[in-house]
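Thanks for coming. I have one structure to show today, and I will keep to a few local features.

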Amino acid sequence: VGPKLFQYAIKVIVQAIQLLYTMLKIDQPSYILLQNPPGLPSIAVAWVACLFWRSKLIIDWHNYGYTIMSLSHGRNHPLVQIARWYEKLFGRLSDYNLCVTNAMKEDLWVNCNIKAVTLYDKPAPYFKETPLELQHHLYVKLAKDYKPFKPRYVWNAEMSAFTEMDENGHVIKTRGRPALLISSTSWTEDEDFSVLLKALEDYEQYINEGVKLPSLVCVITGKGPLKDYYNRLINKLHFKHIQICTPWLEAEDYPLLLGSADLGVCLHKSSSGLDLPMKVVDMFGCCLPVCAIYFECLHELVKHNENGLIFRDSNELAEQLKMLFLGFPTLEGKLHNFRKNLRASKQLRWDESWDQTVLPLLG
């Protein structure tokens, strides 16, 4: 009831009371660790709880809440300006600060006078390459609900679009199989999937012009407010060589699918230009090469021409898809090299990174 600003204020006040009531009922903690965003009203509430408990407050800066709000309201909206002032003010009251990039570390210091330690996101241990047998079971399972995973021609019951059982009961990759392209999203304003759809139209045109490229199965996982909008756009496309599906996967199936894919695509554009896409971290954990759209600090994660490629628009992405999939699956030049580099990098996992970076802060 009432104007939007009034509704928002009431919502924040109610949430603050609920959150403070809940936090004051817990056993006394030595530290309260808060991820921001969302920080309104949780930063202020956590600070008050720390005063009550005489605890230390650690803020884990993954982005700025006010820059996310600016995507829908605009940077000059009063709510955005209030949120910006609030984050800076209460952010300074923390005892320790973590952040996800060196660029954010510098921005926190220069613009907010907040000293932070960079803790890069790392993949959990279950993000890894998927063995062929597990790939096969996953494809057969998904084929029950999603047409792109069903085989085009069936000559035995144990088949998918990508794998089959041979006469000895061993799983093999199907000849002439399509390439599996995967992206994940929360379907919000900071990811423009029309860029991928336009690139796929160009890819289809390359095939029609006689370029030796494989068919594509493009899987876009996740759910969110813009999913129906993009599904309507997808339904208007009439491809002969590309199939697109937008499933909501079970939690245990998502890392298996990442570990089975041939290429990942990331369309995350940071609202602040200072955070990194977690989906790429998970893809790299699965040794999956990535094409990612450019933004300011992306180079801290994606090394162009080393573990993936960076593009700026749909034309560049289409060219990259053509180059990477030319002669697939017989020739996997750059794709193979990117995967080999990811395997050789032996990146830290989440637990190891936490032990190295955060435990020393806690004494």
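Predicted model: local features only at pLDDT ≥ 70, side-chain atom pairs only at ≥ 80, totals over all residues.

Start with helix 12, residues 333–345. Which residues of helix 12 are buried? They are Leu335, Phe338, Arg339 and Leu342. These four cover an arc of only 95° around the axis, which means they sit on the same side of helix 12. After helix 12 comes lysine 346, with a positive phi near 45°.

Next, the pair. Helix 3, residues 65–73, packs with helix 4, residues 78–91, at an angle of about 175°, and their axes are 9 Å apart. Since the angle is over 145 degrees, helix 3 is roughly antiparallel to helix 4. From helix 3, Gly65, Tyr66, Met69, Ser70 and His73 meet Leu79, Val80, Ala83, Arg84 and Glu87 of helix 4. By type, the residues of this contact are five nonpolar, three polar and two charged.

Last, tyrosine 294, in the loop between strand 11 (290–293) and strand 12. Is tyrosine 294 buried, exposed or partly exposed? With a relative accessible area of 34%, tyrosine 294 is partly exposed, because buried means under 20% and exposed over 50%. Leaving aside residues up to four places away in sequence, tyrosine 294 touches Lys269, Ile310, Phe311 and Arg312. Serine 270 is 24 residues from tyrosine 294 along the chain, and their C-alpha atoms are separated by 9.7 Å.

How values were computed: Residues numbered from 1 in each chain as written. Heavy atoms only, no water. Helix = DSSP H or I, 4+ residues; strand = E, 2+ residues; numbered from the N terminus. Expected span 1.5 Å × (residues − 1). Buried < 20%, exposed > 50% of the residue type's maximum accessible area, 1.4 Å probe, protein only. Arc of directions from axis to C-beta. Axes fitted to C-alpha atoms, helices over the stretch in contact; angles between N-to-C directions. Parallel < 35°, antiparallel > 145°, perpendicular 65-115°, else oblique. Contact = heavy atoms within 4.5 Å. Nonpolar A, V, L, I, M, F, W, Y, C, P; charged D, E, K, R; others polar.
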